[in-house]
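Please keep the sequence and the three-dimensional view open side by side.

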Amino acid sequence: MLSMESGFGIAWCAGEDAWISLTMIRPGELWNDGNGVPINAHGGGVLFHEGTYWWFGEHKIGGEEGNRAHVGVHVYASENLTDWRDEGIALAVDDAPGSEIPSGCILERPKVIFNARTGKFVMWFHLEPKGGGYGGARSGVAVADAVAGPYRFLHSLRPNAGVWPENVAEEWKRTLTEREEQELAALGLGGAPFPWYPREVVFRRDFEGGQMARDMTLFVDDDGCAYQVYASENNGTLHVSLLDETFTKPAGRYVRIFPGRFHEAPAVMKWGGRYWLFTSDCTGWAPNTARLSSAASMWGPWEEHGNPCLGSGAQIANSFESQPTFVLPVVGKRDAFVYMADRWRPGNAIDGRYVWLPVVFRHGLPVVEWRGAWEVEGEWDV
Ligand code: GAL
């Protein structure tokens with residue numbers, strides 16, 4: 001029997017033309033594409049479309065400069081979730097005058113969904129205008145006619161300008177007084193948790209200009225409704241926001257969830273009639289303890305269940321040294337989901353690693369259990 005190195009693992013030749021893929025997913029190790037080049041798709045998400053999985057993620061370059069976008073969003077294709085073909089740059093940075101996505105901007109956590117009504121593929125991502133640090137907190141939107149692109153940048157926005165959240169008391173539906181503004185400014189809000197975070201203030205500050213949106217994900221429900229879930233209000237509160245029929249802008253309906261709990265890195269899956277939300281704490285690139293929450297409806301009420309990671313003490317505490325980015329349903333299989341996370345390397349961004357693990361179910365909860373190496377085929381008989 002012959003064997004050959006193929007990307008991430010080994011393929012065995014069972015006969016003249018029959019190569020049986022025995023590739024394994026090895027969380028945290030280098031993962032090569034079909035050309036033998038490490039996959040470059042960080043903070044990513046996967047769209048299944050017409051028999052193929054499409055993995056979109058941030059293309060990073062080396063060094064600290066790699067934390068900013070210099071290439072764009074990279075896309076890879078696979079039929080089996082282990083062997084990935086390089087399909088090129090789906091959305092390229094653009095240095096034309098007036099471009100909102102020039103080289104050197106921050107473009108993170110791209111997610112792509114398909115809109116069956118318009119026939120378009122729609123990409124959303126966290127966008128920070130060049131040179132502004134993380135203060136912009138905007139969402140970028142790009143569209144394409146073909147899944148691999150090229151995607152055309154459409155616009156950037158701060159979601160839900162001029163719209164009050166659906167789940168706030170009437171008394172808070174007012175913009176800030178001058179005094180409240182001064183008190184808020186004195187707090188010097190960044191994006192990290194602190195106990196005296198003012199829970200009913202920041203969304204009111206941003207009512208007119210639109211809500212801050214940093215870490216984000218997209219989720220399309222079985223009824224065709226699409227949602228953006230984003231870390232808002234200086235990361236203190238998550239928003240669940242319905243997209244309009246084109247999926248290119250908010251529909252103007254949203255709720256705030258877990259005010260003051262500082263969740264980020266959201267990833268949503270639906271299972272057992274409930275919506276499950278994996279998130280992290282807010283500690284920048286450094287890994288921290290993940291969180292699992294659920295609700296019977298995307299509109300809530302949401303409840304927290306605690307840490308979904310199973311493994312050694314350190315693995316549980318730092319979520320296998322990684323931060324969630326997406327949960328991928330394995331198509332055609334019941335109860336089969338892949339939890340996707342990033343092991344960031346901010347000093348040499350291109351060397352960030354992917355931590356993909358099977359979601360397992362324990363006592364009615366989806367949790368994530370450490371495996372040094374695992375096979376999608378063995379796991380779910382794909
Ligand atoms: C993390 C976030 C990443 C990136 C990083 C920058 O908290 O999840 O996507 O924004 O902060 O420090």
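1. His-126 belongs to strand 9, residues 120-128, and strands (E, at least two residues), like helices (H or I, at least four), are DSSP runs numbered from the N terminus. His-126 counts as buried because its relative accessibility is 1%, and the cut-offs are under 20% relative accessible area for buried, over 50% for exposed and anything in between for partly exposed, with a 1.4 Å probe and protein chains only.

2. A word on the basis of these values: this is a predicted model, in which local features need pLDDT of at least 70 and side-chain atom pairs count only at pLDDT 80 or more, while totals for chains, interfaces and linings use all residues. Residues are numbered from 1 along each chain as its sequence is written, and side-chain values use heavy atoms, with hydrogens and water left out.

3. Which residues does His-126 contact, leaving aside its neighbours within four places in sequence? They are Ile-106, Leu-107, Glu-108, Tyr-134, Ala-137, Arg-138, Ala-213, Arg-214, Asp-215 and Met-216, contact meaning heavy atoms within 4.5 Å.

4. The residues around the ligand are Glu-108, Arg-109, Tyr-134, Asp-215, Glu-264, Gly-284, Trp-285 and Gln-323, a residue being near a molecule or strand if one of its heavy atoms lies within 4 Å of it. An N or O atom in the side chain of Glu-108 is 2.7 Å from an oxygen atom of the ligand. A polar side-chain atom of Arg-109 is 2.9 Å from a ligand oxygen atom, and for a polar side-chain atom of Gln-323 the distance to an oxygen atom of the ligand is 3.0 Å.

5. Turning to open spaces, the largest pocket has a volume of about 670 Å³. On a 1 Å grid over the protein atoms alone, a pocket is an open set of points with protein on both sides within 12 Å along at least five of seven lines, a cavity is a set where a 1.4 Å probe fits but cannot get out, and lining residues have an atom within 4 Å of a point. Grid points are joined across faces, edges and corners, and a volume is the space filled by probe spheres set on the points. The largest pocket is lined by 28 residues, with Leu-47, Phe-219, Val-220, Asp-221 and Pro-329 nearest its centre, and strand 8 gives the most to this lining, namely five residues. The lining divides into 19 nonpolar, four polar and five charged residues, where Ala, Val, Leu, Ile, Met, Phe, Trp, Tyr, Cys and Pro count as nonpolar, Asp, Glu, Lys and Arg as charged, and the others, Gly among them, as polar.

6. The second largest pocket holds about 300 Å³ of space. Its lining has 17 residues, and Glu-108, Tyr-134, Asp-215, Glu-264 and Gly-284 lie nearest its centre. By class, this lining has five nonpolar, six polar and six charged residues.

7. How many cavities of 30 Å³ or more does the structure hold? There are three, and about 60 Å³ of space lies in the largest cavity, whose lining includes Glu-58, His-59, Lys-60 and Glu-108. The second largest cavity has a volume of about 40 Å³, and its lining has five nonpolar, six polar and no charged residues.

8. Finally, Arg-343 is found in strand 22, residues 337-343, and it is buried because its relative accessible area is 12%. The side chain of Arg-343 reaches the backbone oxygen of Phe-320 at 2.8 Å. Gln-315, in helix 3 (residues 313-318), touches Cys-309, Phe-320 and Trp-370, not counting residues up to four places away in sequence.

Key. Polar contact = N/O pair within 3.5 Å; in protein donor to acceptor, adjacent residues only side chain to side chain.
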